[in-house]
Amino acid sequence: MELKLLNAQGQAASNVAAPDTIFGRDYNEALIHQVVIAYQANARGGNRKQKDREEVHHTTKKPWRQKGTGRARAGMSSSPLWRGGGRIFPNSPDENFTHKVNKKMYRAGVCSILSQLAREGRLSIVEDFAVDAPKTKLLSQKLKGMGLDSVLIITDSLEENLLLASRNLPSVLIVEPRHADPVSLVFYKKILITKAALAKIEELLA
């Protein structure tokens, strides 16, 4: 598999050889969907709380006598059948949303995403990517010169200047290879990988 090597102007200067086992796989939509949904679900925290009939603040007095009224029997107003009563199966903060995806499936899903990005021309390689100072303007000008707006940049190590310069750009994300998650790979329009990071990706997904 050959990947485009971009120069400082964002033009293809040459090609870089990449393993077909990572960048030449078939598109597996079902697996990618499962991996993306599992990643989002595993990042979700319990933030919902509802009360059951024990926790609802109501009197325990019987609303009316058992017989002779013509109405249905009622024990207390905290019944789930009543307006303002407790929930039958309430949501709780310790609710578990996790999905299990084994390592082999996760790696295969990420490889399938990378392969599809390469086929669509959304994934490119650069020799190195850095800025001289931690200034958002410098990084914005550099990306604009390369014709990039929404981009995920994968570097072998997080350089402080680059990380600080990217914080105020909502459409730019800088990550290391081990933090390149499937949701970010699918979300951003372009993916830039440095040569050193490409070697680490090959090592992680081999």
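Which residue in S5 does Ile-153 stand opposite? The legends below take this up in View 2.

**View 1. The whole chain, with seven helices and six strands.** This is a predicted model, in which local features need pLDDT of at least 70 and side-chain atom pairs count only at pLDDT 80 or more, while totals for chains, interfaces and linings use all residues. Residues are numbered from 1 along each chain as its sequence is written, and side-chain values use heavy atoms, with hydrogens and water left out. Helices (H or I, at least four residues) and strands (E, at least two) are DSSP runs, numbered from the N terminus. Starting there, the elements follow the order β-β-α-α-α-β-α-β-α-β-α-β-α. The C-alpha trace spans about 90 × 40 × 25 Å along its principal axes.

**View 2. The open sheet and its parallel pair S4 and S5.** Six strands line up as S2-S1-S3-S6-S4-S5, with mixed pairing; two strands pair if DSSP finds at least two bridges between them. Strand S2 (12-17) and strand S5 (172-175) each have a single partner strand, so one side of each is left without a neighbour in the sheet. From one strand to the next, the twist averages 30°. Strand S4 (residues 151-154) pairs with S5 in the parallel sense over four bridges. Here is our opening pair: Ile-153 stands opposite Ile-174 in S5.

**View 3. The hairpin of S1 and S2.** These two strands run antiparallel and are joined by five bridges. Leu-6 has Ala-12 in S2 as its bridge partner. Five residues lie between the strands, and Gly-10 takes a positive phi near 80°.

**View 4. Helix H7 packed on the sheet.** Helix H7 (residues 195-205) touches strand S1 (2-6), S2, strand S3 (123-126), S4 and strand S6 (190-194), where contact means heavy atoms within 4.5 Å. The direction of H7 makes about 95° with that of S6; axes are lines fitted to C-alpha atoms, for helices over the stretch in contact, and angles run from 0 to 180 degrees between N-to-C directions.

**View 5. The largest pocket, with about 290 Å³ of space.** A pocket is an open set of points on a 1 Å grid over the protein atoms alone, where a 1.4 Å probe fits, with protein on both sides within 12 Å along at least five of seven lines; lining residues have an atom within 4 Å of a point. The volume is the space filled by probe spheres set on the points, which are joined across faces, edges and corners. Of its 16 lining residues, Tyr-106, Pro-177, Arg-178, Ala-180 and Leu-205 are the closest to the centre. Helix H3 (103-119) and H7 are the elements that give two or more residues to the lining, and H3 provides the largest share, five residues.
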